[in-house]
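Student: I have a structure open and would like to talk it through. Could we begin with the overall fold and then turn to details?

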Amino acid sequence: MSRIDVNKTYKLFIGGAFPRSESGRVYEVKGANKKFIANPAMASRKDLRESVVAAKSAFHGWANATAFNRGQVLYRIAEIMQGRSEQFVEEICALEGVSNKAAKSQVEETIDTWVWYSGWCDKLSAISGSLNQVSGPFYNFTTPEPLGVVAVFAENKPSLLGAVRTLAPVISSGNTAILIASEKYPLPAITLSEVLATSDLPSGVVNVLTGKISELASWIASHMEIDGVDVAGLSKSEEEELKLHGADNLKRVFRFTNRNHPERILSFMEQKTVWHPIGI
Amino acid sequence: MIIDGSEGDLKRFLDDLPPVDQVGADARAAMLATRSIKTTSKAWAIDMAISMVDLTTLEGADTPGKVKALCAKAVRPDPTDLTVPSVGAICVYNDMVKIAREELDLIGGRKIPVAAVSTAFPSGRASIEVKKQDTQDALNAGASEIDMVIDRGAFLSGKIGKVFEEIKIVKDICGEKAHLKVIFETGELVTYDNVRKASYLAMLAGADFIKTSTGKVNPAATAPVVLVMLEAVRDYFALTGIKIGVKPAGGIKTTKDAIKQLVLVNETAGSDWLNPSLFRIGASSLLNDLLMQRMKLRTGHYASANYVTID
């Protein structure tokens with residue numbers, strides 16, 4: 001007798017749990033060979049709302065964790081990813097239709113990206129902060145502080161690296177994030193959420209949604225609790241529309257051209273200046 | 001009068017009350033919680049809930065400054081939107097009553113009553129002399145609502161005569177000057193039968209309101225408990241023609257929770273009770289969530305906690 005397949009249900013990742021979409025909807029993802037691969041969840045605006053609530057409540061703890069601790073957690077993500085490389089390679093091959101070798105090198109580059117950003121966590125104030133000269137008996141410091149809740153639209157391709165390249169810098173500084181997976185190639189982002197769930201990352205720091213970008217983008221734009229957006233996965237016209245709807249709460253909207261750069265971290269930070277009297 | 005006032009008669013009356021069908025109460029409350037309230041009904045419910053909030057601060061760390069800030073919020077919950085109604089009342093500890101009353105009068109909140117928690121809140125473990133003085137103090141300071149706790153130890157050990165007498169004494173002190181709310185601390189009464197008994201006991205002793213909890217004990221205002229109390233006030237009204245108010249307090253934190261309470265009220269006691277004079281919600285963080293949901297309905301996009309005051 002042949003064994004019955006145990007197929008995976010692809011779910012969202014919200015507040016450390018793996019729920020189906022509140023709407024109950026799924027959509028079809030096809031591979032490079034046009035064959036059916038999976039039915040991931042199609043997130044609704046209410047799933048987005050729940051994600052923001054989870055991200056907001058996780059923010060205080062994550063932003064106030066020591067930079068050293070955040071760096072360790074990010075490095076741990078790299079370690080856990082390493083152990084699941086094969087699954088990532090398989091998914092990338094099936095979706096993007098690239099060779100096994102290319103997929104493998106993408107996974108390795110992704111893991112290195114986590115390591116690279118984990119190193120940045122405790123060095124940000126060294127490159128961006130300053131001790132300012134003021135005319136008075138005061139110490140005057142400026143240090144970068146995390147912004148709050150940031151939404152990132154993962155690039156379509158490379159599917160795994162494109163997600164991590166946008167996500168890692170955002171959370172390394174203490175922001176919490178909502179990752180909108182690529183609509184066409186969502187599986188690596190979903191598997192990434194399983195890695196994050198087992199990497200000492202506090203619940204809610206990263207929330208992963210899959211679904212229709214066009215449906216979610218306008219709700220992200222107008223949500224007053226989302227402070228910043230990385231629009232890597234959006235088209236130029238979608239980006240313009242998002243900026244328009246996001247103007248009300250002065251959302252910081254960025255698109256980066258360089259691959260890995262501290263600018264990706266610092267763009268989602270604010271400068272805080274503190275005055276302290278000398279001699280007290 | 002339903003009872004002649006003797007402890008024996010009171011006991012007989014309470015023992016003759018039909019027991020609460022626990023499974024039935026849980027199921028009924030859970031079923032009513034699934035009602036979907038949207039758009040214009042939701043807008044109406046949010047404004048009704050705001051006007052029913054007893055905005056509360058009961059911390060050891062309360063300062064005059066914090067109480068004043070709360071008063072400002074009570075009068076005008078959202079300073080950017082004048083269409084938001086004022087809350088039902090301010091609820092504070094005894095020594096903050098004067099500060100709250102003076103501040104409210106000063107900033108245009110003359111109509112907002114100040115409720116004082118009384119009779120050795122939250123435990124109720126003090127002599128009747130202390131409890132009387134506690135109540136009198138609050139009234140002298142300008143409280144127009146008294147939230148008293150019952151002696152749960154006496155109730156649970158069967159000394160219901162003592163509980164009854166204490167409520168009566170406090171009610172006499174309140175007289176016409178103040179409304180009396182009686183707090184059961186349902187989390188400590190354990191069974192729904194006890195909640196029903198305590199409800200009738202308080203109503204017979206002269207309570208104007210019956211209130212679930214102090215907010216210091218978990219579980220607090222669960223839906224089935226509120227359901228049992230609403231049934232009690234409904235039946236008491238049928239029996240005597242007197243309308244008694246209900247105040248759930250503790251654990252109602254979101255707009256959804258509040259709207260569920262309103263559904264319970266409407267379906268159990270009836271629409272007459274959808275009125276701040278007969279139904280109040282004891283809460284502090286709930287108000288911010290109500291305001292954020294109100295913003296969402298008005299603007300069409302999700303609101304941020306950065307746009308409501310922290311208290």
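Student: For contacts in chain A between residues at least 6 apart in sequence, what percentage join residues at least 24 apart?
Tutor: This is a predicted model. In chain A, 74% of the contacts between residues at least 6 apart in sequence join residues at least 24 apart.

Student: And what is that percentage for chain B?
Tutor: For chain B, 76% of such contacts join residues at least 24 apart.

Student: How many helices and strands does chain A have?
Tutor: Chain A has 10 helices and 10 strands.

Student: Let us take one of the helices. How far apart are the end C-alpha atoms of helix 3 of chain A?
Tutor: They are 16 Å apart. At 1.5 Å a residue, the 12 residues of this helix, 85–96, should span 16 Å, so the model agrees with the expectation.

Student: Which residues of helix 3 of chain A are buried?
Tutor: The buried residues are A:Phe88, A:Val89, A:Glu91, A:Ile92, A:Ala94, A:Leu95 and A:Glu96.

Student: What do the buried residues of that helix pack against?
Tutor: They pack against strand 2 (36–38), helix 4 (100–120), helix 6 (159–172) and helix 7 (187–197) of chain A.

Student: Which residue follows helix 3 of chain A?
Tutor: A:Gly97 follows the helix, and its phi is positive, near 70 degrees.

Student: Now the sheets. What is the strand order in the open sheet of five strands in chain A?
Tutor: The order is 7-6-5-8-9, and the pairing is parallel. Strand 7 (206–209) and strand 9 (252–254) of chain A stand at the edges with a single partner strand each, so one side of each has no neighbour in the sheet. From one strand to the next, the twist averages 20 degrees.

Student: How many bridges join strand 6 of chain A to strand 7 of chain A?
Tutor: Four bridges join strand 6 (residues 176–180) to strand 7 of chain A, and the two run parallel. In one of the pairs, A:Ile180 has A:Leu209 of strand 7 as its bridge partner.

Student: Where is there a hairpin in chain A?
Tutor: A hairpin joins strand 3 to strand 4 of chain A through five residues. These strands, residues 130–132 and 138–146, run antiparallel and are joined by three bridges. A:Ser130 stands opposite A:Thr142 in strand 4 of chain A.

Student: How many bridges join strand 4 of chain A to strand 10 of chain A?
Tutor: Nine bridges join strand 4 to strand 10 (residues 269–277) of chain A, in an antiparallel arrangement. Across that pairing, A:Glu145 has A:Glu270 as its bridge partner.

Student: How many residues of chain B are in contact with chain A?
Tutor: Six residues of chain B are in contact with six residues of chain A. The side of chain B that touches chain A comprises four nonpolar, two polar and no charged residues.

Note on methods. Residues numbered from 1 in each chain as written. Chains lettered and ligands numbered in written order. Predicted model: local features only at pLDDT ≥ 70, side-chain atom pairs only at ≥ 80, totals over all residues. Expected span 1.5 Å × (residues − 1). Buried ≥ 20, exposed ≤ 12 C-beta atoms within 10 Å, placed from the backbone. Contact = placed C-beta atoms within 7 Å. Nonpolar A, V, L, I, M, F, W, Y, C, P; charged D, E, K, R; others polar. Pairing = 2+ DSSP bridges. Axes fitted to C-alpha atoms, helices over the stretch in contact; angles between N-to-C directions.
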